[in-house]
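Work through the following exercises with the sequence and the model side by side. Try each task before reading its solution.

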Amino acid sequence: MNRRERTEQKMQELFHSHAAGKEGTDPEFMQILQGFIFGDVCYTGSLDNRMRELVTITVLTAISALPQIKSHVQASLNA
């Protein structure tokens with residue numbers, strides 16, 4: 001399975017949505033970002049989806065990244 005397939009699979013598992021396409025103000029950056037986070041980082045280490053989302057929510061709360069917190073809370077519920 002390549003990076004794009006892993007990204008799509010992880011986005012479906014966590015967010016029940018497709019990976020970024022051509023939408024947004026910088027679609028190429030979003031595809032690179034999602035590919036790295038959900039195609040590489042999420043498959044590194046031994047954390048399961050629930051623990052990884054718990055860590056993500058903790059970090060996002062600490063840096064006050066409110067828009068991302070909302071989507072990752074939903075992802076943690078999906079995990």
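**Exercise 1.** Are Phe-15 and Phe-38 buried or exposed?

*Solution.* The structure is a predicted model, in which local features need pLDDT of at least 70 and side-chain atom pairs count only at pLDDT 80 or more, while totals for chains, interfaces and linings use all residues. Residues are numbered from 1 along each chain as its sequence is written, and side-chain values use heavy atoms, with hydrogens and water left out. Start from the cut-offs: buried means under 20% relative accessible area, exposed over 50%, and partly exposed in between, with a 1.4 Å probe and protein chains only. By this scale Phe-15 is buried, and Phe-38 is buried as well.

**Exercise 2.** Which aromatic pair is formed, and which helices hold its two members?

*Solution.* First recall the rule: rings of Phe, Tyr and Trp (its six-membered ring) pair if their centres lie within 6.5 Å, and planes under 30 degrees apart count as stacked, over 60 as edge-to-face and the rest as tilted. The count by this rule is one aromatic pair. Phe-15 and Phe-38 form an edge-to-face pair, with 5.6 Å centre to centre and 85° between the planes. Next, locate the helices, which are DSSP runs (H or I, at least four residues) numbered from the N terminus. Because Phe-15 lies in helix α1 and Phe-38 in helix α2, the pair ties together parts that are 23 residues apart in sequence.

**Exercise 3.** Which residues of helix α2 are buried, and what covers them?

*Solution.* In helix α2, which runs over residues 27-39, the buried residues are Gln-34, Gly-35, Phe-38 and Gly-39. They cover an arc of only 105° around the axis (taken from the directions from the helix axis to the C-beta atoms), which puts them on the same side of α2. Finally, look for contact, meaning heavy atoms within 4.5 Å: the cover of these residues includes α1 (3-15) and α4 (66-78).

**Exercise 4.** Which charged ends sit over the ring of Tyr-43?

*Solution.* A charge sits over a ring if NZ of Lys or CZ of Arg is within 6 Å of the ring centre and within 35 degrees of the ring normal. The charged end of Arg-6 sits over the ring of Tyr-43 at 5.8 Å from its centre, and that of Lys-10 sits over this ring at 4.9 Å from its centre.
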